[in-house]
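Student: I would like to learn how to read the features of a structure like this one. Please show it to me and begin with the side-chain contacts.

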Amino acid sequence: SIAARLVGMHPQSLRLYERIGLIRPARAGNKRLYSRSDIERLLRIQHLTQDMGVNLAGVEVVFDLLDKMETLRHELLIQMEELESDFRRQLDEARKER
């Protein structure tokens with residue numbers, strides 16, 4: 001109920017969001033423990049549903065796309081680091097040959 005009050009939602013809404021997989025709070029026995037990221041996610045759900053008119057199925061799609069974008073961003077950063085490392089190695093080799 002504390003998390004529900006923090007985000008201005010009914011506790012039943014939080015249980016629904018958990019049941020359909022939009023949030024996954026930690027558990028301590030039968031108590032749900034909401035992290036800061038859980039609260040932020042609840043606020044995003046609230047914004048999408050109340051301010052933007054997105055239904056819960058749409059929220060799932062939005063979150064799935066955001067997760068995929070984050071995965072791709074991470075993979076791109078790794079590839080950029082590898083390319084930079086290769087470039088520096090080739091540059092060092094070229095300097096040594098001179």
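Tutor: A polar contact is a pair of N or O atoms within 3.5 Å; within protein, one must be able to donate a hydrogen and the other to accept it, and residues adjacent in sequence count only if both atoms are side-chain atoms. The side chains of E18 and R27 are joined by a polar contact of 3.2 Å. This is a predicted model, in which local features need pLDDT of at least 70 and side-chain atom pairs count only at pLDDT 80 or more, while totals for chains, interfaces and linings use all residues. Residues are numbered from 1 along each chain as its sequence is written, and side-chain values use heavy atoms, with hydrogens and water left out.

Student: Which helix holds E18, and is E18 buried or exposed?

Tutor: Helices (H or I, at least four residues) and strands (E, at least two) are DSSP runs, numbered from the N terminus. E18 belongs to helix 2, residues 11–19. Buried means under 20% relative accessible area, exposed over 50%, and partly exposed in between, with a 1.4 Å probe and protein chains only. E18 has 18% relative accessibility, so E18 counts as buried.

Student: Which residues does E18 touch?

Tutor: Contact means heavy atoms within 4.5 Å. Leaving out residues up to four places away in sequence, E18 touches I23, P25, R27 and R32.

Student: What is the idea behind a pocket search?

Tutor: Rolling a probe the size of a water molecule over the atoms shows where empty space is left. On a 1 Å grid over the protein atoms alone, a cavity is a set of points where a 1.4 Å probe fits but cannot get out, and a pocket is an open set with protein on both sides within 12 Å along at least five of seven lines; lining residues have an atom within 4 Å of a point. Grid points are joined across faces, edges and corners, and a volume is the space filled by probe spheres set on the points. Here the largest pocket holds about 210 Å³ of space.

Student: Which elements supply the lining of the largest pocket?

Tutor: Helix 1 (2–7), helix 2 and strand 2 (31–33) each give at least two residues to the lining. The lining residues include I2, L14, R32 and Y34. For classes, Ala, Val, Leu, Ile, Met, Phe, Trp, Tyr, Cys and Pro count as nonpolar, Asp, Glu, Lys and Arg as charged, and the others, Gly among them, as polar. The lining has seven nonpolar, two polar and three charged residues.

Student: How is the length of helix 3 checked?

Tutor: The expected span of a helix is 1.5 Å times one less than its number of residues. Helix 3 (residues 36–51) has 16 residues and should span 22 Å, which agrees with its end C-alpha atoms being 22 Å apart. Helix 4, with 42 residues, reaches 61 Å from its first C-alpha to its last, close to the expected 62 Å.

Student: What do the buried residues of helix 3 pack against?

Tutor: They pack against helix 1, helix 2, strand 2 and helix 4 (56–97). D38 is one of these buried residues, with a relative accessible area of 10%. D38 touches R24, P25 and L33, not counting residues up to four places away in sequence. In helix 4, the buried residues are G58, V59 and F63, and their cover includes helix 3.

Student: Where does G53 lie, and is G53 buried or exposed?

Tutor: G53 sits in the loop between helix 3 and helix 4. At 60% relative accessibility, G53 counts as exposed. Its phi is positive, about 75 degrees, just after helix 3.
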